[in-house]
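Me: I've got a model open and want to talk through some of its contacts. Can you take me through them?

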Amino acid sequence: GVCGCCGALRPRYKRLVDNIFPEDPEDGLVKTNMEKLTFYALSAPEKLDRIGAYLSERLIRDVSRHRYGYVCIAMEALDQLLMACHCQSINLFVESFLKMVAKLLESEKPNLQILGTNSFVKFANIEEDTPSYHRSYDFFVSRFSEMCHSSHDDMDIRTKIRMSGIKGLQGVVRKTVNDELQANIWDPQHMDKIVPSLLFNLQHVEETESRSPSPLQATEKEKESPTELAERCLRELLGRAAYGNIKNAIKPVLIHLDNHSLWEPKIFATCCFRIIMYSIQPQHSHLVIQQLLGHLDANSKSAATVRAGIVEVLSEAAVIAASGSVGPTVLEVFNTLLRQLRLSIDYALTGSYDCAAGVSTKIIKEHEERMFQEAVIKTIGSFASTLPTYQQSEVMVFIMNKVPLPSSQQSIEAGKAG
């Protein structure tokens with residue numbers, strides 16, 4: 001502390017900030033002095049940035065000296081100032097605030113990471129009166145995504161860190177999604193971190209716990225699990241996606257399912273796309289169907305079990321999309337499925353994924369191809385059953401035009417061959 005006349009020469013805002021800290025950090029924030037600081041900040045908003053910078057300076061010093069009691073007091077003061085000061089100068093104050101949150105998130109101490117996340121979430125729920133031009137959340141997206149993948153030895157701490165990471169990502173989305181001046185949260189560089197982090201937590205618990213059939217039947221403990229939180233966050237994210245953003249949100253899902261071989265059991269893949277189809281706006285359903293069709297084409301030479309998984313997920317998605325809009329993709333759906341059916345029959349007949357070469361590095365399993373063909377036919381039926389009668393007859397004509405008609409001689413020979 002500065003004593004004598006020197007203390008009186010310090011700027012008033014510094015004295016007010018110093019006075020909120022008690023001699024013993026266990027005593028907590030000095031509430032009467034905090035009220036004085038808040039009143040001063042409200043009556044002299046131009047001083048907010050200096051208050052923030054000084055608080056930031058103190059917090060960084062206390063973190064490096066491991067004085068964690070004072071760190072908690074500084075963050076509590078920040079939260080109160082943020083909540084109280086909805087004025088035009090808040091932008092300058094927010095820069096200091098984000099700098100302090102970043103400092104806590106960089107710490108190796110789980111408690112500081114959680115403290116920083118909680119402050120960020122409170123800030124994310126504040127509606128600011130003025131736009132922010134130069135604010136970047138890149139660090140926060142990366143750090144919160146990293147926290148979602150925490151592998152801390154202590155299971156309880158690991159769960160808390162992962163839940164903090166999910167809450168942090170939810171906060172970033174809420175803060176940026178409606179602000180046109182922010183860096184676009186829907187850009188692939190952000191989606192490629194956010195979506196896999198949420199899926200990782202959905203998938204991780206999916207494998208280790210049996211989930212409740214519906215949120216209404218879930219116990220309080222399950223509601224607070226990373227799985228439930230990740231699902232809520234994913235639903236919120238997809239619900240906010242506009243027409244032009246759907247592709248960037250769905251692509252990381254497909255890549256995650258590919259990378260972790262999750263098409264073959266197909267339970268998790270189906271669960272993911274059920275969440276997606278029920279969360280997005282109904283008029284965007286056909287965009288998801290289009291991406292699944294494109295992914296099926298891209299996996300033309302993958303194992304039959306993988307292709308069958310994609311087709312069955314497609315079938316599930318189609319039934320849900322029927323209530324929204326499959327519209328412009330109707331013929332594209334049947335065209336793609338028929339093309340895949342024909343390819344599968346060629347693979348089974350030639351024993352190769354490359355019909356021209358007649359040589360294949362993979363062994364074609366005929367029973368797996370037959371299973372895939374049945375899945376395609378079933379999906380064609382599912383799609384067709386969702387269409388109005390006039391479209392069903394059009395689709396039938398379309399299919400008949402695609403079916404190769406053998407000559408009578410070929411038919412007889414085929415009959416002899418069984």
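Predicted model: local features only at pLDDT ≥ 70, side-chain atom pairs only at ≥ 80, totals over all residues.

Me: At what angle do H3 and H5 pack?

Reply: Helices here are DSSP runs (H or I, at least four residues), numbered from the N terminus. H3 covers residues 31-43 and H5 residues 68-84, and their axes are 10 Å apart. The packing angle is about 40°.

Me: What does that make H3 and H5 to each other, oblique or parallel?

Reply: Angles under 35 degrees count as roughly parallel, over 145 as roughly antiparallel, 65 to 115 as roughly perpendicular and the rest as oblique. The angle of H3 and H5 is about 40°, so the two helices are oblique.

Me: Which residues of H3 and H5 make the contact?

Reply: Contact means heavy atoms within 4.5 Å. From H5 come Ala77, Gln80, Leu81 and Ala84. From H3 come Met34, Leu37, Thr38, Ala41 and Leu42.

Me: How many salt bridges does the structure hold?

Reply: Side chains of opposite charge can pair when their charged atoms come close. The cut-off for a salt bridge is a side-chain nitrogen of Lys or Arg within 4 Å of a carboxyl oxygen of Asp or Glu. One network of them links Arg10, Asp18 and Arg58. The total for the structure is 13.

Me: Is Glu231, which pairs with Arg235, buried or exposed?

Reply: The two side chains meet at 3.1 Å, N to O, and both residues lie in helix H12 (residues 226-239), four residues apart, about one turn of the helix. Buried means under 20% relative accessible area, exposed over 50% and partly exposed in between (1.4 Å probe, protein chains only). Arg235 has 32% and is partly exposed. With 10%, Glu231 is buried.

Me: How many residues apart in sequence are the parts that Arg274 and Glu316 tie together?

Reply: Arg274 forms a salt bridge with Glu316, with the closest N and O atoms 3.3 Å apart. Arg274 lies in helix H14 (residues 267-279) and Glu316 in helix H16 (residues 304-321), so the parts tied together are apart in sequence by 42 residues.

Note on methods: Residues numbered from 1 in each chain as written. Heavy atoms only, no water. Axes fitted to C-alpha atoms, helices over the stretch in contact; angles between N-to-C directions.
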